[in-house]
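Work through the exercises below with the sequence and the coordinates open. Try each task before reading its solution.

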Amino acid sequence: MPTSKSHTDKKNIPGGQNRLVLGSVGVINPESIDEYIAAKGYDALKKALSAMKPAQVIAEVKTSELRGRGGAGFPTAIKWAGAANEKGDVKYVICNADEGEPGTFKDRAIMEGDPHKLIEGMALAGYATGASKGYIYVRGEYTLSIARLAKAAADARAKGFLGANIQGSGFNFDLEVLRGAGAYICGEESALIESIEGKRGEPRLKPPYPVQKGLWQKPTVVNNVETLANIPAIVLNGGEWYRAIGVEGSRGTKVFCLMGDLNWKGVVEIPFGAPLSKIIKEMGGGVKKDRKLKGVILGGVSGSLLTAKELDTPVDFKSLALIESGPGSGAIIALDETRSIVDVVDNIAHFFMHESCGRCTPCRAGNEQIVRLIGKIRKGEGSHADLKKLEELGWNMYQTSFCPLGQTAPNILLQSLRKYRGEWEACLAGKKEKCAC
Amino acid sequence: MKKNTVIEDLHRTQETEKSKTYLESVKMQDVARECGVPAAQVYGVATFYTMFSTKPRGKHIIRICCNLACHLEGADSIVDALKGKLGVEMGGTSKDGEFTLEQSSCLGLCAEAPAMMIDGQTYGSLTPESVGKILDTVRKGA
């Protein structure tokens, strides 16, 4: 069946959420700027332009302790201040909407369901950092997101929220919606910049960071969709208000994507700090068919693999770091007791082999070797030496790959070799039913 | 600062070519000239991104997701069904020239897995039975 027009019209949305970012998603007509304005839309931009200096906007974001929602969790205010402090009159704001982490569809929900919120966040980022031009780089496959953003930008321009002399303030800012063309690597900010410049999406050496030399070598802020969608509420209600939500080190809410062996799948938004077990039970409706949970992949396939015993850990940057995990992109993929960990890791390995950009050897060759070794093990031809090889390869890639793609590709492989050793060894022992091969 | 729109231009070229869903060599050279970049760069871009093709493809492009969320929901059986119905392997084009079957990375349709796209349209909660009907509908141009 063709999927419902958008993720926004999903039914039976779980209660108990705090929908700061998703508040209007599924509520207002995303193609109507009037409905966005009626829901306090563009009030934050008007407030900033009429009553705040750019430095004050950055100060509010700093007070809010907002951290990037793309996966890395970098403090947004530090990035913005970095760009604002760079000399030069040409600066850029880029929205990284190249959502491609397997298991992640939160940005799609925001762009399809409330595109103006992102555009308002972009304009505020431009005002704060002194940029007058923005780009929203959306992955090419997100056709509905692209269409809705393009319409929203045109409507915002017509109403004077984009363009020259916005709301009579003297501030100029306009943006373009750009399409990607199918490359996971372009979610890495410097590869994304290369792509906008019309090149292959191969990452750049850092430093210089994009805030110093980004697009066309000019100071550039690159923020994730969800990060920017948080900005209007922070500017409108103040950083202190935002800081009161969530837990220490992880303020505000996070949008999570629930999928896998759960009774309810979709996007939810809750404050940081809830244990994963609670999210799975109360938002995801528990495990399908009343089965037991074997584990959870958190933050996408470059994220981490948590065992059922680790699920009482609060989902925030600090608590998860203690168990070598993190919220990542917000993807929560539940695996029930019937799932084969070797099969899951094999699927992930194929993904990375396909998406490695080929620039550096550890990632290009490493991912191929991982696929080859897992294949050998699954055929029943593996040995303990192969498991050791996998560990060495993974560790090498983590240490020597050029960019986060290659560095994080072996995350789940390595964790599975430690946490689910028994399943790998059963595979070596020829218990083929265990790995469904 | 020169505005370089290689990727957008390639998208448009590929879309506007009448009943063609790939980039001919001569068209890539046009893009290079218009953007003021070497033809080699344009070719490099066209072969880097999965949405571009430098080889002829069918009228409709099927992008089937095989990443984890879809895999867990049985994407393999959907791939087999598509291969069977179309009589092609992954990357192949059906004999009638209607469909090219391509594997895609995660399409962000995980809540409706297994999922695929045909051209710009998304399809979710697929079963081996439903894909046949979908292909028929697309073939009829409905």
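Buried means under 20% relative accessible area, exposed means over 50%, and partly exposed lies in between (1.4 Å probe, protein chains only). The model is predicted, so local features need pLDDT of at least 70 and side-chain atom pairs count only at pLDDT 80 or more, while totals for chains, interfaces and linings use all residues. Residues are numbered from 1 along each chain as its sequence is written, chains are lettered from A and ligands numbered from 1 in the order in which they are written, and side-chain values use heavy atoms, with hydrogens and water left out.

**Exercise 1. Classify A:Trp395 as buried, partly exposed or exposed.**

Step 1: locate the residue. A:Trp395 belongs to helix α15 of chain A, residues 384–400. Helices (H or I, at least four residues) and strands (E, at least two) are DSSP runs, numbered from the N terminus.

Step 2: apply the cut-offs. The relative accessibility of A:Trp395 is 47%, so the residue counts as partly exposed.

Step 3: relate the residue to the start of the chain. A:Asn12 is 383 residues away along the chain, and the two C-alpha atoms are separated by 43 Å.

**Exercise 2. Compare the radius of gyration of chain A with that of a compact globule.**

Step 1: state the rule. The radius is taken over C-alpha atoms, and the globule rule is 2.2 Å times the number of residues to the power 0.38.

Step 2: compare. For 437 residues the rule gives a value near 22 Å; chain A has 22 Å, which agrees.

Step 3: The C-alpha trace of chain A spans about 75 × 45 × 45 Å along its principal axes. Chain A holds 18 helices and 11 strands, and 61% of its 437 residues are buried.

Step 4: examine the contacts, where contact means heavy atoms within 4.5 Å. Of the contacts in chain A with a separation of 6 or more, 72% are between residues 24 or more positions apart.

**Exercise 3. Describe the overall make-up of chain B.**

Step 1: count the elements. Chain B has 6 helices and 4 strands, in the sequence order α-α-α-β-α-α-β-β-β-α.

Step 2: Along the principal axes, the C-alpha atoms of chain B fill a box of roughly 50 × 30 × 25 Å.

Step 3: Of its 142 residues, 57% count as buried. Among contacts in chain B between residues at least 6 apart in sequence, 60% join residues at least 24 apart.

**Exercise 4. Which residues of helix α2 of chain B are buried, and where do they lie around the axis?**

Step 1: list them. In α2(B), residues 25–35, the buried residues include B:Met28, B:Val31, B:Ala32 and B:Cys35.

Step 2: find their arc, taken from the directions from the helix axis to the C-beta atoms. They cover an arc of only 100 degrees, which puts them on the same side of α2(B). An α-helix has 3.6 residues a turn, so residues three or four places apart point the same way.

Step 3: look at the other side, where B:Arg33 and B:Glu34 are exposed.

Step 4: find the partners. The buried residues of α2(B) pack against α1 (6–16) and α3 (39–48) of chain B. Just after the helix, B:Gly36 takes a positive phi of about 70 degrees.

**Exercise 5. Is B:Glu98 buried or exposed, and what is it in contact with?**

Step 1: B:Glu98 sits in the loop between α5 (75–86) and β2 (99–104) of chain B.

Step 2: its relative accessibility is 13%, so B:Glu98 counts as buried.

Step 3: leaving aside neighbours within four places in sequence, B:Glu98 is in contact with B:Gly58, B:Lys59, B:His60 and B:Arg139.

**Exercise 6. Examine the backbone at A:Pro207, A:Pro208, A:Asn165 and B:Asp119.**

Step 1: check omega. The peptide bond joining A:Lys206 and A:Pro207 is cis, with omega about -5 degrees. The bond from A:Pro207 to A:Pro208 is also cis, with omega near 0 degrees. A:Pro207 is in the loop between α8 (189–196) and β4 (220–224) of chain A.

Step 2: check phi. A:Asn165 is not a glycine, yet has a positive phi of about 50 degrees; its place is the loop between α7 (143–158) and β3 (174–179) of chain A. B:Asp119, also not a glycine, has a positive phi of about 55 degrees and lies in the loop between β3 (116–118) and β4 (121–123) of chain B.

Step 3: A:Asn165 counts as partly exposed at 41% relative accessibility, and B:Asp119 is partly exposed at 30%.
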